[in-house]
Amino acid sequence: MSLIKYKQKRNFEETTEPASGKPLAGKHIFVVQRHHASRLHYDFRLEINGVLKSWAVPKGPSMSYADKRLAMEVEDHPYDYKDFEGTIPAGNYGAGTVYIWDKGTFELLHPEGNSFDKEALRELNTGDLKIVLKGKKLKGEFALVKMKGREDNAWLLIKHKDKYAVGTYNSEDYTPDRVKAQGLTEKAIAKATAKKKL
Ligand code: MN
(Lines give C-alpha, C1' and ligand atoms only; values in the text may rest on other atoms or scores of the structure.)
Protein backbone atom coordinates (compact mmCIF):
# COMPACT_ATOMS: atom_id res chain seq x y z
CA MET A 1 0.00 0.00 0.00
CA SER A 2 1.29 3.41 -0.82
CA LEU A 3 0.08 6.85 -1.67
CA ILE A 4 2.01 7.13 -4.95
CA LYS A 5 -1.11 6.98 -7.12
CA TYR A 6 -2.92 9.43 -4.85
CA LYS A 7 -0.09 11.95 -5.12
CA GLN A 8 0.38 11.50 -8.87
CA LYS A 9 -3.22 12.46 -9.52
CA ARG A 10 -3.14 15.69 -7.54
CA ASN A 11 -1.53 19.11 -7.71
CA PHE A 12 -1.07 20.20 -4.10
CA GLU A 13 -0.37 23.77 -5.21
CA GLU A 14 -4.01 23.96 -6.26
CA THR A 15 -6.05 21.57 -4.15
CA THR A 16 -6.36 21.83 -0.38
CA GLU A 17 -6.63 18.04 -0.06
CA PRO A 18 -4.05 16.61 2.39
CA ALA A 19 -0.88 14.86 1.23
CA SER A 20 -0.27 12.69 4.30
CA GLY A 21 -1.33 11.82 7.83
CA LYS A 22 -0.51 9.32 10.54
CA PRO A 23 -3.27 7.41 12.32
CA LEU A 24 -3.54 7.24 16.09
CA ALA A 25 -2.93 3.85 17.62
CA GLY A 26 -5.92 1.89 18.85
CA LYS A 27 -9.17 2.88 17.18
CA HIS A 28 -9.69 2.50 13.46
CA ILE A 29 -11.75 5.14 11.77
CA PHE A 30 -14.05 5.12 8.78
CA VAL A 31 -15.41 8.05 6.86
CA VAL A 32 -17.97 8.48 4.10
CA GLN A 33 -17.56 11.58 1.94
CA ARG A 34 -20.31 12.64 -0.40
CA HIS A 35 -18.43 13.78 -3.46
CA HIS A 36 -20.31 15.87 -5.95
CA ALA A 37 -17.82 15.61 -8.80
CA SER A 38 -18.63 15.28 -12.51
CA ARG A 39 -20.69 12.36 -11.24
CA LEU A 40 -22.18 12.32 -7.77
CA HIS A 41 -20.85 9.45 -5.65
CA TYR A 42 -20.01 8.62 -2.06
CA ASP A 43 -16.44 7.74 -1.10
CA PHE A 44 -16.29 5.02 1.52
CA ARG A 45 -12.96 4.87 3.38
CA LEU A 46 -11.62 2.51 6.03
CA GLU A 47 -8.37 3.06 7.89
CA ILE A 48 -6.32 -0.10 7.49
CA ASN A 49 -2.58 -0.34 7.92
CA GLY A 50 -2.09 3.40 8.21
CA VAL A 51 -3.93 4.54 5.08
CA LEU A 52 -7.55 4.96 4.03
CA LYS A 53 -8.60 2.07 1.80
CA SER A 54 -11.14 3.67 -0.49
CA TRP A 55 -14.15 2.76 -2.62
CA ALA A 56 -16.37 5.02 -4.71
CA VAL A 57 -20.02 4.08 -4.21
CA PRO A 58 -22.15 5.62 -7.00
CA LYS A 59 -25.50 5.14 -5.24
CA GLY A 60 -24.19 5.80 -1.75
CA PRO A 61 -24.04 3.37 1.15
CA SER A 62 -27.28 1.80 2.29
CA MET A 63 -28.67 0.69 5.64
CA SER A 64 -31.04 -1.68 3.83
CA TYR A 65 -30.25 -5.36 3.94
CA ALA A 66 -31.97 -5.62 0.54
CA ASP A 67 -29.35 -3.50 -1.26
CA LYS A 68 -26.03 -4.47 -2.72
CA ARG A 69 -24.18 -1.28 -3.57
CA LEU A 70 -21.54 -1.28 -6.26
CA ALA A 71 -18.29 -0.01 -4.73
CA MET A 72 -15.38 0.69 -7.07
CA GLU A 73 -12.04 0.40 -5.33
CA VAL A 74 -9.91 3.50 -5.88
CA GLU A 75 -6.43 4.53 -4.80
CA ASP A 76 -5.49 4.58 -1.09
CA HIS A 77 -5.93 7.99 0.49
CA PRO A 78 -3.81 9.50 3.28
CA TYR A 79 -5.17 9.27 6.81
CA ASP A 80 -5.74 13.02 7.08
CA TYR A 81 -8.24 12.81 4.25
CA LYS A 82 -10.78 11.78 6.88
CA ASP A 83 -11.19 15.46 7.78
CA PHE A 84 -11.29 16.83 4.25
CA GLU A 85 -14.37 18.75 3.33
CA GLY A 86 -14.85 21.56 0.87
CA THR A 87 -14.17 22.30 -2.75
CA ILE A 88 -11.65 20.71 -5.08
CA PRO A 89 -11.07 23.47 -7.62
CA ALA A 90 -12.17 23.15 -11.25
CA GLY A 91 -9.58 21.59 -13.51
CA ASN A 92 -8.20 19.38 -10.73
CA TYR A 93 -8.66 15.66 -10.22
CA GLY A 94 -12.05 15.04 -8.57
CA ALA A 95 -13.10 18.68 -8.96
CA GLY A 96 -16.29 19.33 -7.04
CA THR A 97 -17.74 19.45 -3.55
CA VAL A 98 -16.82 17.08 -0.73
CA TYR A 99 -19.05 16.74 2.33
CA ILE A 100 -18.34 14.48 5.31
CA TRP A 101 -21.54 12.47 5.31
CA ASP A 102 -20.66 10.08 8.12
CA LYS A 103 -17.69 9.28 10.29
CA GLY A 104 -16.90 6.94 13.17
CA THR A 105 -14.90 3.91 14.11
CA PHE A 106 -15.08 0.35 12.89
CA GLU A 107 -14.12 -3.10 14.05
CA LEU A 108 -13.65 -6.40 12.31
CA LEU A 109 -16.63 -8.72 12.64
CA HIS A 110 -14.25 -11.64 13.11
CA PRO A 111 -11.12 -10.28 14.81
CA GLU A 112 -9.61 -13.80 14.98
CA GLY A 113 -6.17 -14.10 16.48
CA ASN A 114 -4.33 -11.82 14.08
CA SER A 115 -3.51 -8.20 14.69
CA PHE A 116 -6.15 -5.84 13.34
CA ASP A 117 -4.21 -4.77 10.26
CA LYS A 118 -3.03 -8.28 9.47
CA GLU A 119 -6.53 -9.71 9.64
CA ALA A 120 -8.07 -6.79 7.73
CA LEU A 121 -5.50 -7.15 4.95
CA ARG A 122 -6.05 -10.90 4.84
CA GLU A 123 -9.79 -10.39 4.36
CA LEU A 124 -9.21 -7.66 1.77
CA ASN A 125 -6.95 -10.00 -0.17
CA THR A 126 -9.53 -12.76 -0.15
CA GLY A 127 -12.14 -10.25 -1.34
CA ASP A 128 -14.45 -10.63 1.64
CA LEU A 129 -14.07 -8.06 4.39
CA LYS A 130 -16.60 -8.12 7.22
CA ILE A 131 -16.81 -5.07 9.46
CA VAL A 132 -18.89 -3.44 12.17
CA LEU A 133 -19.42 0.29 11.70
CA LYS A 134 -20.00 2.68 14.56
CA GLY A 135 -21.02 5.86 12.81
CA LYS A 136 -23.87 8.31 13.23
CA LYS A 137 -25.69 7.10 10.13
CA LEU A 138 -24.03 3.79 9.31
CA LYS A 139 -24.23 1.27 12.12
CA GLY A 140 -23.74 -2.43 12.55
CA GLU A 141 -22.47 -5.19 10.32
CA PHE A 142 -21.43 -4.71 6.70
CA ALA A 143 -19.52 -6.76 4.17
CA LEU A 144 -17.35 -5.64 1.28
CA VAL A 145 -17.29 -8.44 -1.23
CA LYS A 146 -15.20 -8.46 -4.36
CA MET A 147 -17.19 -9.26 -7.50
CA LYS A 148 -15.99 -12.27 -9.43
CA GLY A 149 -15.66 -12.06 -13.17
CA ARG A 150 -15.87 -8.28 -13.17
CA GLU A 151 -13.22 -5.61 -13.41
CA ASP A 152 -10.55 -5.96 -10.76
CA ASN A 153 -11.80 -3.05 -8.72
CA ALA A 154 -15.51 -3.88 -8.52
CA TRP A 155 -16.83 -4.74 -5.04
CA LEU A 156 -20.25 -4.82 -3.40
CA LEU A 157 -21.03 -3.03 -0.15
CA ILE A 158 -23.68 -5.05 1.65
CA LYS A 159 -25.57 -4.35 4.88
CA HIS A 160 -26.12 -7.43 6.99
CA LYS A 161 -29.59 -8.05 8.38
CA ASP A 162 -28.97 -7.02 11.99
CA LYS A 163 -30.88 -4.87 14.47
CA TYR A 164 -29.84 -1.67 12.66
CA ALA A 165 -30.88 -2.79 9.16
CA VAL A 166 -33.93 -1.24 7.48
CA GLY A 167 -36.08 -2.20 4.49
CA THR A 168 -35.38 0.71 2.17
CA TYR A 169 -32.74 3.42 2.29
CA ASN A 170 -31.56 6.33 0.18
CA SER A 171 -28.42 8.12 1.38
CA GLU A 172 -29.52 11.30 -0.39
CA ASP A 173 -32.44 11.54 2.06
CA TYR A 174 -29.84 12.01 4.80
CA THR A 175 -27.92 14.76 3.04
CA PRO A 176 -28.80 18.34 4.01
CA ASP A 177 -30.48 20.38 1.26
CA ARG A 178 -27.81 23.10 1.53
CA VAL A 179 -25.14 20.48 0.66
CA LYS A 180 -27.10 19.25 -2.35
CA ALA A 181 -27.64 22.84 -3.52
CA GLN A 182 -23.98 23.78 -3.06
CA GLY A 183 -22.88 20.79 -5.14
CA LEU A 184 -25.14 21.83 -8.00
CA THR A 185 -24.03 25.48 -7.85
CA GLU A 186 -20.37 24.57 -7.93
CA LYS A 187 -20.92 22.16 -10.78
CA ALA A 188 -22.57 24.97 -12.76
CA ILE A 189 -19.65 27.31 -12.01
CA ALA A 190 -17.16 24.64 -13.10
CA LYS A 191 -19.07 24.15 -16.36
CA ALA A 192 -19.12 27.88 -17.06
CA THR A 193 -15.39 28.16 -16.31
CA ALA A 194 -14.60 25.25 -18.63
CA LYS A 195 -16.62 26.92 -21.42
CA LYS A 196 -14.75 30.19 -21.02
CA LYS A 197 -11.42 28.38 -21.43
CA LEU A 198 -12.47 26.91 -24.79
MN1 MN B 1 -14.49 10.70 -5.02
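Reader: Is His41 buried or exposed here, and why?
Author: In this predicted model, His41 counts as buried because its relative accessibility is 15%, and the cut-off for buried is under 20% relative accessible area.

Reader: Switching to Arg39, where does it sit?
Author: Arg39 is placed in the loop between β1, which covers 28-36, and β2, which covers 40-48, and since its relative accessibility is 71%, Arg39 counts as exposed.

Reader: Which residues gather with Arg39 on the surface?
Author: Arg39 gathers with Lys187, Lys191 and Lys195 in a surface patch of positive charge.

Reader: New topic: how many salt bridges does the structure hold?
Author: The structure holds 14 salt bridges, and one of them pairs Lys9 with Glu75, whose closest N and O atoms are 3.1 Å apart.

Reader: What does the pair of Lys9 and Glu75 tie together?
Author: Lys9 lies in the loop between α1 (4-8) and β1, whereas Glu75 belongs to strand β4 (residues 68-77), so the pair ties together parts that are 66 residues apart in sequence.

Reader: Are those two partners buried or exposed?
Author: Lys9 is partly exposed, with a relative accessible area of 35%, while Glu75 counts as buried because its relative accessibility is 8%.

Reader: What does Arg10 form a salt bridge with?
Author: Arg10 forms a salt bridge with Glu17, and the closest N and O atoms of that pair are 3.2 Å apart; both Arg10 and Glu17 are buried.

Reader: What about Lys82, which residue does its side chain meet?
Author: The side chain of Lys82 meets that of Asp83 in a salt bridge of 2.7 Å, taken from N to O. Lys82 counts as buried at 14% relative accessibility, whereas Asp83 counts as partly exposed at 44%.

Reader: Which residues do shared partners join into one network?
Author: Salt bridges that share partners join Lys9, Arg10, Glu17 and Glu75 into one network.

Terms used: Residues numbered from 1 in each chain as written. Predicted model: local features only at pLDDT ≥ 70, side-chain atom pairs only at ≥ 80, totals over all residues. Heavy atoms only, no water. Patch = residues over 30% accessible without salt bridge, like charges linked within 9 Å, V, L, I, M, F, W, Y side chains within 5 Å. Areas by Shrake-Rupley, 256 points an atom, 1.4 Å probe, with all protein chains shown as cover. Salt bridge = Lys/Arg side-chain N within 4 Å of Asp/Glu carboxyl O. Lys, Arg positive; Asp, Glu negative; His and termini not counted. Charge placed at Lys NZ, Arg CZ, Asp CG, Glu CD. Helix = DSSP H or I, 4+ residues; strand = E, 2+ residues; numbered from the N terminus. Buried < 20%, exposed > 50% of the residue type's maximum accessible area, 1.4 Å probe, protein only.
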